[in-house]
Amino acid sequence: MMKGLYSALLVPFDKEGNILESGLRQIVRQNIDVQGIDGLYINGSSGENFLINTEQKKRVFEIVKDEAGDEIKLIAQVGALDLNESIELGKFATSLGYDALSAVTPFYYPFSFEEIKYYYNAIIEATGNDMIIYSIPALTGVNLSIQQFEELFENEKVIGIKYTAADFFLLERIRKAFPDKLILSGFDEMLIQAAISGVDGAIGSTYNINGQRARKIFELAKQGNIQEAYDIQHETNDIIEQVLALGIYPTLKAVLSAKGIEAGEVKRPLAPLDNEGLEKVKSLVSKYNL
Ligand code: HMN
């Protein structure tokens with residue numbers, strides 16, 4: 001089963017935007033051996049996927065599978081505006097043995113629902129792999145309704161949703177209507193709310209550095225120990241608030257670098273941290289024992 005906690009994998013780059021392959025392997029190992037995650041979500045927003053080319057995306061899929069093998073679950077995000085690219089990446093990841101695919105709802109152009117449905121069914125038909133819809137309305141502007149989720153679920157290969165939204169009413173409606181579909185929540189700062197809403201797991205960028213606290217929040221909330229779970233969510237959100245203020249991806253990478261991992265830079269045009277930011281990261285790491 002695909003339930004559990006997934007890190008949305010960070011990808012290290014050098015100053016020219018090339019992938020640091022040994023660093024990528026270190027980040028995979030950090031997630032498995034130290035953060036104790038159940039799986040990885042590869043080439044999502046956190047992997048800076050929309051800033052890199054097709055060959056780089058394939059290389060990331062290849063290295064991660066080679067490093068992780070069958071130790072954890074692997075979900076390949078293959079969504080792109082070029083549907084041919086999505087299909088090519090989907091076939092590639094499937095041939096490597098990825099457990100499932102995921103694709104962001106197509107964005108930028110105001111696609112009709114029929115067009116969105118066509119996109120998912122085309123990727124599924126070409127790859128034969130399972131599909132997890134990646135819904136992130138804040139970044140895509142695409143808000144799917146419960147009826148539209150239902151229509152997408154008519155294809156049995158659509159096994160679930162990566163739900164990155166703070167609409168807990170819609171989440172509750174989806175959970176009730178589709179008890180057998182996989183729901184993985186995407187906002188780390190609202191993990192406790194998602195857990196009590198009945199999600200099957202979560203995918204998050206901060207789990208690359210804070211996976212153990214996330215595990216406790218999720219398990220305590222599922223067991224009904226809400227106060228204890230909330231105490232850890234509060235501490236986690238003290239961390240997330242500072243990470244967001246500094247800039248999410250360069251800060252997460254700086255935390256990994258402070259731990260001796262070759263986590264590299266973010267890809268331009270994303271901006272690196274300045275010295276003041278790097279100093280703040282140092283105190284964050286020691287204060288919260290990251
Ligand atoms: C991904 O595709 O990598 C993700 O979207 C993962 C995840 O949902 C993150 N979303 C974004 O970065 C947009 C969250 O973990 C997010 O970073 C975190 O909750 C802090 O806001």
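Which helices and strands each supply at least two residues of the lining of the largest pocket? They are helix H5 (137–140), strand S8 (201–204), H10 and H11. Keep in mind that you're looking at a predicted model. Let's start with the whole chain and then zoom in.

**The whole chain**
- The protein chain is built with 12 helices and 8 strands.
- Its radius of gyration is 18 Å, close to the 19 Å that the globule rule gives for 290 residues, so the chain is as compact as a globular protein of that length.
- Of the 290 residues, 56% count as buried.
- Take the contacts with a separation of 6 or more: 70% of them join residues 24 or more positions apart.
- The chain exposes about 12500 Å², and carbon and sulfur atoms supply 50% of that area.

**The pockets**
- Back to the largest pocket: its volume is about 370 Å³.
- It has 23 lining residues, and the ones nearest its centre are Ile136, Gly186, Phe187, Ser205 and Tyr249.
- Sorted by class, that lining has 12 nonpolar, 8 polar and 3 charged residues.
- The second largest pocket has a volume of about 290 Å³.
- Its lining is made of 14 residues, with Ser45, Phe50, Leu51, Leu139 and Tyr249 nearest the centre.
- Here the classes come out as 10 nonpolar, 3 polar and 1 charged.

**The cavity**
- There's 1 cavity of 30 Å³ or more, and the largest cavity holds about 40 Å³ of space.
- The residues lining it are Tyr163, Ala165, Phe168, Leu171, Ser185, Gly186, Phe187, Met190 and Ala194.
- By class, 7 of those are nonpolar, 2 are polar and none is charged.

**Helix H11**
- Helix H11 runs over residues 248–258 and is mostly covered, with 8 of its 11 residues buried.
- Those buried residues are Tyr249, Pro250, Thr251, Leu252, Lys253, Ala254, Val255 and Leu256.
- What covers them? The cover includes helix H1 (21–34), helix H9 (207–223), helix H10 (226–246) and helix H12 (275–287).
- Just after H11, look for Gly260, which takes a positive phi of about 90°.

- Ala80 sits in the loop between strand S3 (73–77) and helix H3 (83–96).
- Is Ala80 buried or exposed? Its relative accessibility is 8%, and the cut-off for buried is under 20%, so Ala80 counts as buried.
- Leaving out residues up to four places away in sequence, Ala80 touches Glu85, Ser86 and Tyr119.
- Ala80 and Thr105 are 25 residues apart in sequence, and their C-alpha atoms are 8.6 Å apart in space.
- Glu154 is in another loop, between helix H6 (146–153) and strand S6 (158–163).
- Its relative accessibility is 58%, and exposed means over 50%, so Glu154 counts as exposed.
- From Glu154 to Gln233 you go 79 residues along the sequence and 36 Å through space, C-alpha to C-alpha.

Conventions
Residues numbered from 1 in each chain as written. Predicted model: local features only at pLDDT ≥ 70, side-chain atom pairs only at ≥ 80, totals over all residues. Heavy atoms only, no water. Helix = DSSP H or I, 4+ residues; strand = E, 2+ residues; numbered from the N terminus. Buried < 20%, exposed > 50% of the residue type's maximum accessible area, 1.4 Å probe, protein only. Contact = heavy atoms within 4.5 Å. 1 Å grid on protein atoms, 1.4 Å probe; cavity = no way out; pocket = protein on both sides within 12 Å on 5 of 7 lines; lining within 4 Å. Points joined across faces, edges and corners; volume = space filled by probe spheres on them. Nonpolar A, V, L, I, M, F, W, Y, C, P; charged D, E, K, R; others polar. Rg over C-alpha atoms; globule rule 2.2 N^0.38 Å. Areas by Shrake-Rupley, 256 points an atom, 1.4 Å probe, with all protein chains shown as cover.
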